[in-house]
Each structure stands twice: as structure tokens, then as C-alpha cells.
Amino acid sequence: MDKKFFRCTVCGDIHFGINGPEHCPTCQQDNKYVEIDKEEAKNILGL
Ligand SMILES: [Zn+2]
């Protein structure tokens with residue numbers, strides 16, 4: 001399965017995996033991750 005990038009809409013945490021996490025470990029919110037595309041992830045991560 002392809003891994004994708006997900007971003008927490010509350011704190012901006014980036015997760016790379018098959019599914020977005022239900023719980024954000026950084027801001028402790030649930031169901032705040034949305035899928036973003038690779039280019040957007042690169043920009044955010046500064047790659
Ligand atoms: Zn968060």
C-alpha cells in the first residue's frame with residue numbers, strides 16, 4: 001500500500017503513513033488529520 005502524508009489541521013503536525021492518525025500526539029485532538037499531497041508536505045517540511 002502506498003503511504004501518504006497527513007497534516008493535523010490544528011497544530012500542523014505531519015504524519016507519513018497509510019492512514020491518518022485518529023489522535024494527534026502533539027495537540028491531543030481527535031480526527032484532525034487531513035491528507036495532503038507530496039509537494040505540500042515537502043514545502044511544510046522544508047525538503
Ligand atoms: Zn495536532
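Student: What spacing do the donors of the zinc ion follow along the chain?

Tutor: The spacing is C-x2-C-x12-C-x2-C. Donors are N, O and S atoms within 2.8 Å of the metal (3.2 Å for Na, K and Ca), and since water is not among the atoms, sites may look incomplete. Before we go on, a word about the model. Residues are numbered from 1 along each chain as its sequence is written, and side-chain values use heavy atoms, with hydrogens and water left out. This is a predicted model, in which local features need pLDDT of at least 70 and side-chain atom pairs count only at pLDDT 80 or more, while totals for chains, interfaces and linings use all residues.

Student: Which residues coordinate the zinc ion?

Tutor: C8, C11, C24 and C27 do, each through its SG atom, at 2.3 Å. Within this group, C8 sits in strand β1 (residues 4–8) and C24 in the loop between β2 (14–17) and β3 (33–36), so the pair links distant parts of the chain, 16 residues apart. Strands (E, at least two residues) and helices (H or I, at least four) are DSSP runs, numbered from the N terminus.

Student: Why is the arrangement of the four donor atoms called tetrahedral?

Tutor: Here is the general idea. Ideal angles at a metal are 109.5 degrees for four tetrahedral donors. In practice, four donors count as tetrahedral if all angles lie between 85 and 135 degrees; four count as square planar and six as octahedral if opposite donors are over 155 degrees apart and all others between 65 and 115, and anything else is irregular. Around this zinc ion the angles are 104 to 115 degrees, which makes the arrangement tetrahedral.

Student: Is C8 buried or exposed?

Tutor: Buried means under 20% relative accessible area, exposed means over 50%, and partly exposed is in between (1.4 Å probe, protein chains only). C8 has a relative accessible area of 0%, so C8 is buried. C24 is buried too, whereas C11, at 35%, counts as partly exposed.

Student: How many disulfides does the count come to?

Tutor: A disulfide is a covalent bond between the sulfur atoms of two cysteines. The rule asks for a pair of cysteine sulfur atoms within 2.5 Å, and by this rule the count is zero.

Student: How many aromatic pairs does a search of the whole structure find?

Tutor: The search finds one aromatic pair. Such a pair is described by the distance of the centres and the angle of the planes. Rings of Phe, Tyr and Trp (its six-membered ring) pair if their centres lie within 6.5 Å; planes under 30 degrees apart count as stacked, over 60 as edge-to-face and the rest as tilted. For F5 and F16 the centres are 4.6 Å apart and the planes are at 35 degrees, so the pair is tilted. Because F5 lies in strand β1 and F16 in strand β2, the pair ties together parts that are 11 residues apart in sequence. F5 counts as buried at 16% relative accessibility, and F16 is partly exposed at 46%.

Student: Which residues other than glycine have a positive phi?

Tutor: Most residues other than glycine have a negative phi. Here, Q28 has a positive phi of about 65 degrees, and N31 has one of about 55 degrees. Q28 belongs to the loop between β2 and β3, and N31 lies in the loop between β2 and β3 as well. Q28 is partly exposed at 48%, while N31 counts as exposed at 59%.

Student: In what order do the elements run?

Tutor: From the N terminus on, they run β-β-β-α.
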